[in-house]
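This report covers the overall build of the model and then two of its residues.

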Amino acid sequence: MTPSDVKATLSFSDGSPSMDLPIYQGSVGPDVIDIRKLYAQTGKFTYDPGFLSTASCNSSITYIDGDKGELLYRGYPIEQLAVNCDFLEVCYLLLNGELPNQDQKNAFVKLVTNHTMVNEQMQFFLRGFRRDAHPMAVLTGLVGGLSAFYHDSTDINNPQHREISAIRLIAKMPTLVAMAYKYALGQPYIYPQNSLSYTANFTRMMFATPCEEYVPNDVVVRALDRIFILHADHEQNASTSTVRLCGSSGTNPFAAIAAGVACLWGPAHGGANEAALNMLEDIQKAGGVAKIGDFINQVKDKNSGIKLMGFGHRVYKNYDPRAKLMRETCHEVLGALGLENDPLFKLAMSLEKIALEDEYFVARKLYPNVDFYSGIVQRAIGIPVSLFTAIFALARTVGWIAQLNEMIADPEYKIGRPRQLFVGSTPREVKPIGQR
């Protein structure tokens, strides 16, 4: 961290001594005020629900400027990575800090490819779930269960263990997601095929059957690969912070990533694309494009309880840079699959047009986000709505691992322990049960 020449001075109106707080500069973005000695010197904590103004760590992985609509992985704009790289190149970048050259890429792809199979006993894990269980419930169990099979890579403080567990998680996550999908359908599991690319292999495990040869669709593969890239990391969001907090206790990498999967399940986080598509389907059932006006009026009515899903973002106060790329992919996929006239797509485009032009939404900067388009793309590909968040978890795994490894390697890292503002009862005596 780079110290600033400027210091912050905290003073109190009750006559308590003031204190100077160091300020550190980021390579880009806002400076931070170091409050680590605040409690020791003043006996006071800061209060910041949701950590909206708190930097919990220093990181060199991902940078977001929400006002500019900017997203950088290791300094590279997401727009350039999504166009010029494939997902495994981005994985290498997030894990190692630099994009690979051809030899490095070949070696990394081979390493990942050779770890895509999972232990046959994982099938017995699956059989313990109901066939109609939510895929995220299944995936949380499967990822956590990996630590029961790979005892040679569960020491989070061992750099070699962290490296091999990273490869295993990246490689096996598509296999686990596909197995969860096939289990729900009652279809046979499809084993990985080493001759295919990472994403093509995933589409085969998802959609192939033993009955006939499966040939991956290049447009579908390219679209899914872009979805993976756009979701690979997103700074200190809820699930990433969960992985860091969980990992700070020294638990094994598989357990920490399982915690991230569980957090991602929430509709305000990874389940947003599922919620967005469910919203579109509800509008369609109510009358489709003809009823959009009624729906928009309900959204504007604060007492209706109706929310516009897939628009706006906690971080971006400008257009989500990922949404622009996903919008292009959306049109490309629907065109290639002959679904330009799909009623749900027409409904989505009509809703998008109204939201971008209506002063109510423009003033609140409620632009379409990546979840709005990615749900439409995945539905067109044939991925069921319930599996959307599992696809998100597959993509985000590499970001979680990179963030976890960065934290463990930081000499300043400590077990996470947030403080609180206590507003409960003051000390009191326990009365005998007859006197209560």
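Helices (H or I, at least four residues) and strands (E, at least two) are DSSP runs, numbered from the N terminus. Leu 421 lies in the segment after helix H18 (388-409). The model is predicted: local features need pLDDT of at least 70, side-chain atom pairs count only at pLDDT 80 or more, and totals for chains, interfaces and linings use all residues. Residues are numbered from 1 along each chain as its sequence is written, and side-chain values use heavy atoms, without hydrogens and water.

The protein has 18 helices and 6 strands. Its radius of gyration is 24 Å, close to the 22 Å from the globule rule for 436 residues, so the protein is as compact as a globular protein of that length. The radius is taken over C-alpha atoms, and the rule is 2.2 Å times the number of residues to the power 0.38. Along the principal axes, the C-alpha atoms fill a box of roughly 80 × 65 × 60 Å. Of the 436 residues, 46% are buried.

The two residues compare as follows; buried means under 20% relative accessible area, exposed over 50%, and partly exposed in between (1.4 Å probe, protein chains only).

| Residue | Relative accessible area | Class |
|---|---|---|
| His 231 | 2% | buried |
| Leu 421 | 54% | exposed |

His 231 sits in the loop between helix H9 (218-230) and helix H10 (238-247). Leaving aside residues up to four places away in sequence, His 231 touches Tyr 73, Val 370, Asp 371, Ser 374, Phe 392, Ala 395 and Arg 396, where contact means heavy atoms within 4.5 Å.
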